[in-house]
Amino acid sequence: MSDERPIVACIDGSGYAAAACDAAVWAATKLEAPLTFVNVISRRKHAASTDYSGQIGLGTREHLLTELAELDAQRARLARDRGRDFLDSASQRAAAAGRPEPATCQRNGELVDALHYMGDDIRLLAIGKRGESAGDDDHLGSNLERVIRGVSCPILVTNQSFAAPERVLIAFDGSRTGQRVIERAVATPLLGQVEAHLVYVGQPNDKRRRQFDDAAEKLRAAGAQLTTAIIDGDVEPALHDYQRKHDLDLMVMGAYGHTRIRELLLGSTTTDMIRRADVPLLIVR
């Protein structure tokens, strides 16, 4: 039975939306899956910046409140129109890449709530690592942080450009989720026909070494062109250094584990891992 769940891309006005679109098109093509683009209009972002109801004199309150309400309605209409323009542009981009007529969806509220509404119907989510509301500094958008912690599907986090990966780093820690990463890598066409590097950070005990060797055997049995490496250092810089040294163009890891990768992805350095990544990061539950 084929999996008809869509590949979903979050589309907004940020400089990362085009890459999220391209990543979703790539994944949908590799997985022969439907493609959906989602635009979410945040109530917080497009609400009136100030509540003046307690500051208006009795004689003019009703008139001014009516004008403010009309202004809010106009702002909401503009936000909807702007979001539809983003969705149309993404659809045109997908059509140019060979995926015509993707589904589109526009919702009001918060991104995480919209994704929760779609529930288990998402096969993979593509999202830029900084959204339109992230500002001009070097911090990730709060939406992305909430999404990583709040959705159950795999998440492909993109930079400002995306190209089909040819060399992939798979971070392995021996945890249950680490085993799940291997299972998905073996089963999915998404990572087929790529050069894979299976990497463990730290010195594994006998149990972890057996798990690492077993993971490598499974990947090779599935036809992977595989390189294995056990490296020292702190998880985040060690993985980034290895990725850059070997010119790998996608990093894959589990969202939860029971070792230092768990500490990395559950702690405050989660955002550092993504922010400092030069390549897309595929996070697997």
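This report walks through a strand, a pocket, the cysteines and one glutamate of a predicted model.

## About the model

Because the model is predicted, local features need pLDDT of at least 70 and side-chain atom pairs count only at pLDDT 80 or more, while totals for chains, interfaces and linings use all residues. Residues are numbered from 1 along each chain as its sequence is written, and side-chain values use heavy atoms, with hydrogens and water left out.

Five of its five residues are buried, so β4 is largely enclosed by the rest of the structure. Here buried means under 20% relative accessible area, exposed over 50%, and partly exposed in between, with a 1.4 Å probe and protein chains only. Leu-124, Ala-126 and Gly-128 point one way from β4, and Leu-125 and Ile-127 point the other way.

Strands count as paired if DSSP finds at least two bridges between them. β1 (residues 7–10) runs parallel to β4, joined by three bridges, with Ile-7 partnering Leu-124. β5 (residues 155–158) also pairs with β4 in the parallel sense, over four bridges, and there Ala-126 has Leu-156 as its bridge partner.

## The second largest pocket

A pocket is an open set of points on a 1 Å grid over the protein atoms alone, where a 1.4 Å probe fits, with protein on both sides within 12 Å along at least five of seven lines; lining residues have an atom within 4 Å of a point. The second largest pocket has a volume of about 340 Å³, the volume being the space filled by probe spheres set on the points, which are joined across faces, edges and corners. Of its 18 lining residues, Leu-31, Arg-123, Pro-154, Arg-184 and Thr-188 are the closest to the centre.

Domain 1 (7–44 + 79–158) and domain 2 (167–279) both give residues to this lining, so the pocket lies between them; the bounds come from an automatic or database domain assignment. The largest share, five residues, comes from α6.

## Cysteines and Glu-145

There are zero disulfides in the structure, a disulfide being a pair of cysteine sulfur atoms within 2.5 Å. For Cys-153, the nearest cysteine sulfur is that of Cys-10, 9.1 Å away. Cys-153 is buried, at 9% relative accessible area, and Cys-21 is buried at 1%.

Glu-145 lies in helix α5 (residues 142–150), a helix being a DSSP run of H or I with at least four residues. Glu-145 is partly exposed, with a relative accessible area of 29%.

Notes:
Helix = DSSP H or I, 4+ residues; strand = E, 2+ residues; numbered from the N terminus.
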